[in-house]
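Grab a pencil and keep the model open beside you. Try each exercise on your own, then follow the solution step by step.

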Amino acid sequence: MKKEFSTSWKSSSKPRKQRKYAIKAPLHIKRKLVSSHLAESLRSKYKIRSLPLRKGDTVKIMRGQFKKKTGKVARVDLKKTRIYIEGIEMVKKDGSKIPYPIHPSNLLIEILVLEDKQRKELVERKTK
């Protein structure tokens with residue numbers, strides 16, 4: 001039986017293979033794929049360009065119909081590689097509202113949640 005996911009894969013110039021890698025990846029690797037850029041102030045403070053998103057982070061939407069809106073991350077969906085933000089909802093035809101999924105590449109982290117011990121160590125380790 002052929003393996004679903006290749007751990008030895010490094011990179012490919014073919015978008016088809018890049019998409020396949022991202023879709024077939026196990027959750028511990030998909031965690032890194034749910035990353036967003038940091039705002040300029042955070043980038044200069046921590047000397048990091050991007051970090052994986054976490055529930056509670058405050059983000060600004062940079063693309064799409066909700067462009068320039070900010071809100072807290074309500075949920076991170078690793079399987080679908082999507083982020084749900086508080087207050088960002090889609091109105092259905094019957095009038096009901098559902099959370100709107102956004103890809104992490106379309107977000108900018110403005111405020112980090114550093115309550116998590118591991119995340120705090122990660123940020124401090126990179127600043128040294």
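**Exercise 1.** Work out what share of the protein's residues count as buried, and how its surface is made up.

*Solution.* Start with the burial count: of the 128 residues, 27% count as buried (under 20% relative accessible area with a 1.4 Å probe, protein chains only; exposed means over 50%, and partly exposed is in between). Before going on, note that this is a predicted model, where local features need pLDDT of at least 70, side-chain atom pairs count only at pLDDT 80 or more, and totals for chains, interfaces and linings use all residues. Residues are numbered from 1 along each chain as its sequence is written, and side-chain values use heavy atoms, leaving out hydrogens and water. Next, the surface: the protein exposes about 9500 Å² (by the Shrake-Rupley method, 1.4 Å probe), and carbon and sulfur atoms supply 51% of that area. Finally, the C-alpha atoms fill a box of roughly 50 × 45 × 25 Å along the principal axes.

**Exercise 2.** Which strands does β1 pair with, and in which sense?

*Solution.* Recall that strands of a sheet pair through backbone hydrogen bonds, either parallel or antiparallel. Take β2 first: β1 (residues 35-38) pairs with β2 in the antiparallel sense over 3 bridges. Within that pairing, serine 35 has proline 52 as its bridge partner, and serine 36 stands opposite leucine 51. Then turn to β7 (residues 107-111): β1 and β7 run parallel, joined by 2 bridges. There, histidine 37 is partnered by leucine 108.

**Exercise 3.** Is threonine 81 buried or exposed, and which residues does it touch?

*Solution.* Find threonine 81 in the loop between β4 (70-77) and β5 (82-91). Its relative accessible area is 15%, so threonine 81 is buried. Leaving aside residues up to four places away in sequence, threonine 81 touches Lys30, Leu33, Val34, His103 and Pro104 (contact means heavy atoms within 4.5 Å).

**Exercise 4.** Look up phi for lysine 47 and lysine 68, then decide if each lysine is buried or exposed.

*Solution.* Begin with lysine 47, in the loop between α3 (40-46) and β2. Its phi is near 55°, a positive value in a residue other than glycine. Lysine 47 has 59% relative accessibility, so it counts as exposed. Move on to lysine 68, in the loop between β3 (58-61) and β4. Phi of lysine 68 is near 75°, again a positive value in a residue other than glycine. With 65% relative accessibility, lysine 68 counts as exposed.

Technical notes
Pairing = 2+ DSSP bridges. Helix = DSSP H or I, 4+ residues; strand = E, 2+ residues; numbered from the N terminus.
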